[in-house]
Amino acid sequence: MKNSAIHLTDVTISYHRHPAVHHVSGIFPPGSLTAIVGPNGAGKSTLLKAIMGELPLAGGTIQRGGIEQRDFGYLPQAAEINRSFPLSVADAVLLGAWRRTGAFRGITAAIADEARQALSAVGLAGFERRPIGSLSAGQFQRVLFARLLLQDARVILLDEPFNAIDARTTADLLAIIRRWHGDGRTIIAVLHDFEQVKSHFPRTLLMARELIAWGDTGSSLTAAHLLKARTMAENWLDSAVVCSGQDRGAA
Amino acid sequence: MTLHDLLIAPFADYGFMRRALVACLALGLGSGPVGVLLMLRRMSLVGDAMSHAVLPGAALGFLAAGGLSLPAMGLGGLVAGLAVALLSGLVSRTTVLEEDASFASFYLTSLALGVLIVSLKGSNIDLLHVLFGTILAIDPAALYLIAGISAATLATLALIYRPLIAECLDPGFLRAVGARGMLYHFLFLLLVVLNLVAGFQSLGTLMAVGLMMLPASIAKLWVTTLPAMLAVATLSAVASGFAGLLISFHYGLASGPTIIVTASALYCLSLILAPSGAIMRLFPRLHLKH
């Protein structure tokens, strides 16, 4: 799969002028598999949304090298989805074909067939007609992965994909992520489980509003870096002064 | 009294009953589906607020036309309803107020303004007509307007069905694939306002929303899939209109409120009898093996 790198140069994103992501620079190489880790409130989800182009930058640039908005596949946090909506599993998965169907074109037999294959790839064969409200959290996460399979995106962004998901489902979904990695897709996932990151994600971006480390997982996830992340997340000042840009994080 | 006298004669004998019946059928066709989507988008109270918002515009139309005139009041109501919908959206995006709070503030303002404007020139009877409707006084022009709005509603819903549902299920996904979710949201709000305008001459500004929300709640109690909900809501809106008109005819009751009370009665019955209602809990069925 043809892919390009995503370059972050001095990226700052702020809410009410307080930076949620502060002077972050670096590269997601094409086809890389990167975990974003950091304490709560570190700006991880914010950074994901900015990479998709969904949030305005307060400073810096993101170069996507010809990757357009529709080339992104995005898995939102579970809380952002209205799971009580009366929709069947098949219909939810078929939304993944949006790039081909758009808002108005019909679902072809080929697309419907793809959706069935995607469902059996995530271990939910035969669930097509079930309402999404009747699924468990793990089953619903499988549905969202099936939707991503159908989306066939060049860049896949996962926001906390394994929260409240049991070990077996996590293992199945990690296998799908490995398959995507093999296809040459660029994958960026926000995660909390360091052991999982160490064993499955070759690259890691560690941040606490500012960048602490970004590179090979082994050299990024050191005890010293993690300690730094924890202390940085805790200092939030209500009466902060305007940032002059001189004191940016060393990374 | 024969069944014919009971169910058909009122409509066969009186033109105003026929027109009222057609108005009810058309209203049900439009308001039923819109109500279901309002409920699923967790905007039930927004629908209520919008129905109040229509009032000052209708009142201004009333003043401008110098009496009860559906075109003038409908246009005024449409403009006022849309203004409140857009302003509330704007306020919730630019200030700390959530959309429901800003809707609540706007509709209270609208209700007060509307009653104030009508009472400037009109009598208490006029005020009653604006607030609670005059379904038995509907003329052919008003019928065309109501039928046109219902047809436009069904056509628009059919067209924007997929993006509207996607926006409701997972707005982040729709933004991520580059579709304009806000556009569909506002198109839908436009449909809500249009249907409220269609409903307000027959049922009044305050109760037009009843033919949206009550059928929607009834549908949710009986069925679980979206197409079935749309069908059940439409059917119960139409049935409430039909039955309500007949009851009001035979017992000499005000027709608008009778229609809404009929829908409420259906709702109460559903609360007790429907599959997810109260009675079923008293008779638990044996659980399945798988």
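# Notebook: chains A and B of a predicted model

I started at B:V22, which I noted as partly exposed, because 17 other C-beta atoms lie within 10 Å of its own, whereas a residue needs 20 or more to count as buried. I kept in mind from the outset that this is a predicted model. Looking up where B:V22 sits, I found it in helix α3 of chain B.

**Chain B as a whole**

Next I listed the secondary structure of chain B and counted 14 helices and zero strands, so that the run of elements from the N terminus on is α-α-α-α-α-α-α-α-α-α-α-α-α-α. I compared the radius of gyration of chain B, 20 Å, with the 19 Å that the globule rule gives for 290 residues, and because the two values are close I wrote chain B down as being as compact as a globular protein of that length. Along the principal axes, the C-alpha atoms of chain B fill a box of roughly 60 × 55 × 30 Å. Of the 290 residues in chain B, 48% are buried. I also looked at the contacts in chain B between residues at least 6 apart in sequence, and 71% of these join residues at least 24 apart.

**Where chain B meets chain A**

Which elements give two or more residues to the side of chain B that touches chain A? I first noted that 19 residues of chain B are in contact with 19 residues of chain A, and then that the elements in question are α8 (140–169), α9 (171–176) and α12 (226–251) of chain B. The most comes from α8(B), with six residues. Sorted by class, this side of chain B holds twelve nonpolar, four polar and three charged residues.

**The largest nonpolar core**

I turned to the largest nonpolar core, which has 159 residues, and found that A:V93, A:A146, A:L157, B:M50 and B:V193 touch the most other members. Helix α3 (residues 15–40) of chain B gives the most to this core, with 13 residues, and I recalled that B:V22 has its place in that helix. From chain A, the core draws at least three residues from each of domain 1 (1–67 + 154–251) and domain 2 (84–149).

Between the centres of domain 1 and domain 2 of chain A, taken over C-alpha atoms, I computed 28 Å. The contact between them takes nine residues from domain 1 and eight residues from domain 2. On the domain 1 side, helix α6 (residues 167–183) of chain A has the largest share, four residues, and that side divides into six nonpolar, one polar and two charged residues.

**A strand pair in chain A**

Last, I looked at strand β5 (residues 72–75) of chain A, which pairs in the parallel sense with strand β6 (residues 155–159) of chain A over four bridges. Within this pair, A:L75 has A:L158 of β6(A) as its bridge partner. Are the faces of β5(A) covered or uncovered? I found both covered, with A:F72 and A:Y74 buried on one side and A:G73 and A:L75 buried on the other.

Conventions: Residues numbered from 1 in each chain as written. Chains lettered and ligands numbered in written order. Predicted model: local features only at pLDDT ≥ 70, side-chain atom pairs only at ≥ 80, totals over all residues. Contact = placed C-beta atoms within 7 Å. Nonpolar A, V, L, I, M, F, W, Y, C, P; charged D, E, K, R; others polar. Core = buried A, V, L, I, M, F, W, Y, C linked by C-beta atoms within 7 Å. Buried ≥ 20, exposed ≤ 12 C-beta atoms within 10 Å, placed from the backbone. Domains from an automatic or database assignment. Pairing = 2+ DSSP bridges. Rg over C-alpha atoms; globule rule 2.2 N^0.38 Å.
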